[in-house]
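Trainee: I have just opened this model and would like to walk through it with you. Could we take it one question at a time?

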Amino acid sequence: LSEHQLQRLNEMLIVVDEDDKVLGEDTKRNCHLNENIEKGLLHRAFSVVLFNTEKKVLIQTRSDVKLTFPGHFSDSCSSHPLYNPAELEVELGVKRAALRRLQAELGIPQEQLSTDDIVFMTRYHYKAKSDQILGEHEICLLLVKKNVTIQPDPSEVDSCCYLAQEELEELLEKGDRGEVKVTPWLRIIAERFLYKWWPHLDEVTQFVELHKIHRI
């Protein structure tokens, strides 16, 4: 693991219950250990789907030095709000965390994006093992529609591309055939949410569900 990845293992994440109520804090390392996840340790996380004005979604390939799901195709950006006053609040706090990571991970310039550009769409709940030790337990789904400049951090992101719906469907089919590696949450996001939203991106706020948690 890179020094950067090791430092981030000590970040304090927000521990929540099954209804996303805050219980306390724990380290990123502890929150991703399967033995803790099996005992019910949940943490709040987010996934961002970033669309350009051509209605193509940004898909990244995770860096080979990532702790979980290295080298996998994934959503535009996924990470965790931290246990601090700015990021604890469900909606605005998660948007602030997403903005922080979009700038750090994808190198989007500060003047191009604000929390006003980020739509809090819904929440979902799932478990997936990356290997025998590490797992994920994610929660909030955010959407951005904007043309931005991207300069990815190579310790986080190997490469990026914008895909139309048919191209994303093809990518997931390749994943089914074992030709490429795809994060489980990209598949969930695409099949449960994106395919439904895609034809209506201009009126996507009709799909906002602030108080629902999809159990997957």
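Trainee: How far is the sulfur of cysteine 161 from the closest cysteine sulfur, and in which residue is that sulfur?

Mentor: Keep in mind that this is a predicted model. A disulfide needs two cysteine sulfur atoms within 2.5 Å. The sulfur of cysteine 161 is too far from its closest cysteine sulfur for a bond, because the distance to that sulfur, in cysteine 160, is 7.5 Å.

Trainee: How many disulfides does a search of the whole structure find?

Mentor: Cysteine 77 is one case to look at: the nearest cysteine sulfur, that of cysteine 160, is 9.7 Å away, and cysteine 77 is in no disulfide. Searching the whole structure gives a disulfide count of zero.

Trainee: Is cysteine 77 buried or exposed?

Mentor: Buried means a relative accessible area under 20%. For cysteine 77 the value is 0%, so this residue is buried. Cysteine 161, with 30%, is partly exposed, but for cysteine 77 the word is buried.

Trainee: Which residues make the nonpolar surface patch of about 220 Å²?

Mentor: Start with valine 22, which lies in strand S2, residues 22–27. Valine 22 has a relative accessible area of 38%, so it counts as partly exposed. The patch is made by Met12, Val22 and Tyr83.

Trainee: How many residues lie between S1 and S2 in their hairpin?

Mentor: Strand S1, residues 12–16, runs antiparallel to S2, and five bridges join them. Leucine 13, for example, stands opposite aspartate 26 in S2. In the turn, aspartate 20 has a positive phi of about 65°. The number of residues between the two strands of this hairpin is five.

Trainee: Which residues of S5 are buried on each side?

Mentor: In a regular strand the side chains alternate between the two faces of the sheet, so each face can be checked in turn. S5 is mostly covered, with six of its six residues buried. Both faces are covered: one side has Val57, Ile59 and Thr61, and the other has Leu58, Gln60 and Arg62.

Trainee: In S12, which residue is the bridge partner of arginine 62?

Mentor: S5 pairs with strand S12, residues 157–163, in the antiparallel sense over six bridges. Within that pairing, the partner of arginine 62 is valine 157.

Trainee: Which backbone oxygen does the side chain of histidine 72 reach?

Mentor: Histidine 72 sits in the loop between strand S5 (57–62) and strand S6 (73–74). Its relative accessible area is 14%, so histidine 72 is buried. At 3.3 Å, its side chain reaches the backbone oxygen of phenylalanine 69.

Trainee: How far apart in space are proline 184 and aspartate 75, C-alpha to C-alpha?

Mentor: Proline 184 lies in helix H7, residues 184–197, and counts as partly exposed because its relative accessibility is 26%. In sequence, proline 184 and aspartate 75 are 109 residues apart. In space, C-alpha to C-alpha, they are apart by 10 Å.

Trainee: And how far apart in space are asparagine 52 and lysine 39?

Mentor: Asparagine 52 is in the loop between strand S4 (46–51) and S5, and its 12% relative accessibility is why it counts as buried. Asparagine 52 and lysine 39 are 13 residues apart in sequence. Their C-alpha to C-alpha distance in space is 40 Å.

Key
Residues are numbered from 1 along each chain as its sequence is written. This is a predicted model: local features need pLDDT of at least 70, side-chain atom pairs count only at pLDDT 80 or more; totals for chains, interfaces and linings use all residues. Side-chain values use heavy atoms; hydrogens and water are left out. Buried means under 20% relative accessible area, exposed over 50%, partly exposed in between (1.4 Å probe, protein chains only). Patches are made of residues with over 30% relative accessible area and no salt bridge: like charges are joined within 9 Å, nonpolar side chains (Val, Leu, Ile, Met, Phe, Trp, Tyr) within 5 Å. Accessible areas come from the Shrake-Rupley method with a 1.4 Å probe; for residues, only the protein chains shown count as cover. A salt bridge is a side-chain nitrogen of Lys or Arg within 4 Å of a carboxyl oxygen of Asp or Glu. Helices (H or I, at least four residues) and strands (E, at least two) are DSSP runs, numbered from the N terminus. Two strands pair if DSSP finds at least two bridges between them. A polar contact is a pair of N or O atoms within 3.5 Å; within protein, one must be able to donate a hydrogen and the other to accept it, and residues adjacent in sequence count only if both atoms are side-chain atoms.
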